[in-house]
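Please look over the sequence and the 3D structure below before reading the notes.

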Amino acid sequence: MIKEIPFSSTREITKNLKQRKIIYFGGGNIAEKTNRILNNLNEAFIVDNSSNLWGDKQFNLEVKNPNKIKNKNKNYFIVICTTSFSEVSNQLVEYGYEPTLDFAVSPILNDLRSIDDLEKIERKLIFTSGSPKKVDEESGGGIYLMEVDGTSWKYSKKISGNCYGLVKYGKNFISIDTDIGIFEFNKSFKILRSKKLPKHSRGHGVHYNEHRSEFYVVCSYLDAILVLDKKFNIKSKIQISKKINYEKAPHHHCNDCVSYKDSVYVSMFSKSGNWKLDSFDGAIMEIDLNQKKTVSTLTENLWMPHNPKIINGAFYILDSLRGDLKGNNFNTIGSFPAFTRGLAHDGSFFYIGQSRNRNFSKNIGINNNTSIDAGITVFDEQKKISRFLQVSSKISEIHSIEIYE
């Protein structure tokens with residue numbers, strides 16, 4: 001079975017054609033359009049697997065039985081003009097033709113190339129869920145492994161708990177659990193070490209700074225970031241603001257973070273600290289780790305943001321309630337009908353978590369359709385297309401995603 005479909009451009013076909021005759025595999029509109037863009041380049045005839053078409057003429061070319069080309073003919077170059085390009089590619093390989101050198105898919109079908117790229121992904125992902133803890137392997141909170149193999153995927157819970165933040169740490173991973181606290185686990189999902197966080201802190205996001213050899217844990221109930229050493233010992237606490245000191249309750253709903261050199265960047269529901277009054281002035285705030293105080297606002301006007309990331313040297317953020325992925329100077333580069341939370345990138349595609357939207361009524365008038373499903377969206381930023389890997393409704397929340405391998 002052929003693994004790489006030989007999609008092509010007009011230039012590539014012209015280059016590989018040389019002095020050979022073009023055979024169109026598949027009659028109809030696609031073949032006619034292909035013939036037009038190739039400017040009648042030395043075409044010979046059409047072949048089609050449908051016997052009903054044999055003997056017909058299309059744009060002055062006769063439609064013949066594919067047996068006509070069954071024994072490889074070095075004088076033929078075949079252009080596939082059917083959406084069944086995968087099956088026909090395998091058929092031509094069986095006939096002895098070599099992909100790209102002897103046959104290619106029509107440039108007219110290049111949109112399907114992008115779809116094919118998305119549908120042949122082989123990837124393992126880890127995601128966390130803060131849903132209620134359950135014994136069931138396919139529901140409830142914890143650490144999950146999702147294995148994507150082309151058009152199929154499966155997932156299973158590897159560690160049970162109420163898990164939120166997730167970050168790679170060497171060959172291992174670091175996560176935050178409501179009961180366990182901060183913990184490290186390996187690729188076999190064995191917990192190697194853990195340490196409880198202060199009571200009533202609700203640790204959420206976590207990041208490791210190699211430059212300073214420190215972990216940062218964002219604590220939603222403290223309106224603060226805990227700075228930990230490599231042994232998980234708390235070195236210091238950095239307050240988002242002084243508001244909690246006199247209000248005696250958290251007000252910013254800070255959640256996730258990313259660090260770079262001597263700064264840590266924290267996402268929060270409210271820069272002013274008024275989200276409980278329905279003022280969702282979400283932002284990413286920069287905290288100077290030497291001064292241990294907020295020094296700038298990286299971006300604002302966000303609605304329940306999560307998962308700030310630095311990918312390929314640039315900032316990205318999920319504007320969660322709006323369902324937007326923001327990057328390229330915080331412009332919207334992708335929009336999804338969901339509460340987006342959990343973000344990873346494998347060098348080619350974004351992987352964006354989708355949680356059941358419990359606040360969809362806030363979106364009425366902004367989004368015309370809000371999904372209540374949970375899963376992971378695979379997004380091609382360049383082509384602006386995506387596919388959705390749905391999980392059970394019993395896993396209602398996804399918080400963080402990392403590439404397993």
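N301 lies in strand 21, which covers residues 293-302, where strands (E, at least two residues) and helices (H or I, at least four residues) are DSSP runs numbered from the N terminus. This is a predicted model, in which local features need pLDDT of at least 70 and side-chain atom pairs count only at pLDDT 80 or more, while totals for chains, interfaces and linings use all residues. Residues are numbered from 1 along each chain as its sequence is written, and side-chain values use heavy atoms, with hydrogens and water left out.

**Positive phi angles**
- Most residues other than glycine have a negative phi.
- N301, however, has a positive phi near 60 degrees, and it is exposed, with a relative accessible area of 65% (exposed means over 50%, buried under 20% and partly exposed in between, using a 1.4 Å probe and protein chains only).
- K18, found in the loop between helix 1 and strand 1, is not a glycine either and has a positive phi of about 55 degrees; its relative accessibility of 66% means that K18 counts as exposed.
- N39, which follows helix 2, also has a positive phi, near 55 degrees.

**Helix 2**
- The buried residues of helix 2 are I30, A31, T34 and N35.
- Because these residues cover an arc of only 135 degrees around the axis, they are on the same side of helix 2 (the arc is that of the directions from the helix axis to the C-beta atoms).
- These buried residues pack against strand 1, strand 2 and strand 5, where a contact means heavy atoms within 4.5 Å.

**Nonpolar cores**
- A nonpolar core is a set of buried Ala, Val, Leu, Ile, Met, Phe, Trp, Tyr and Cys residues joined through side-chain atoms within 4.5 Å, and in the largest one, which has 32 residues, Y24, I69, I78, L92 and Y97 touch the most other members.
- Among the elements that give two or more residues to this core are helix 1 (10-17), helix 2 (29-37) and helix 3 (85-95), while strand 5 gives the most, with five residues.
- A second, separate core of 20 residues includes I121, Y155, Y351 and L389.

**The whole chain**
- The chain has five helices and 30 strands, and its C-alpha atoms fill a box of roughly 85 × 45 × 40 Å, taken along the principal axes.
- Buried residues make up 53% of the 405 residues in the chain.
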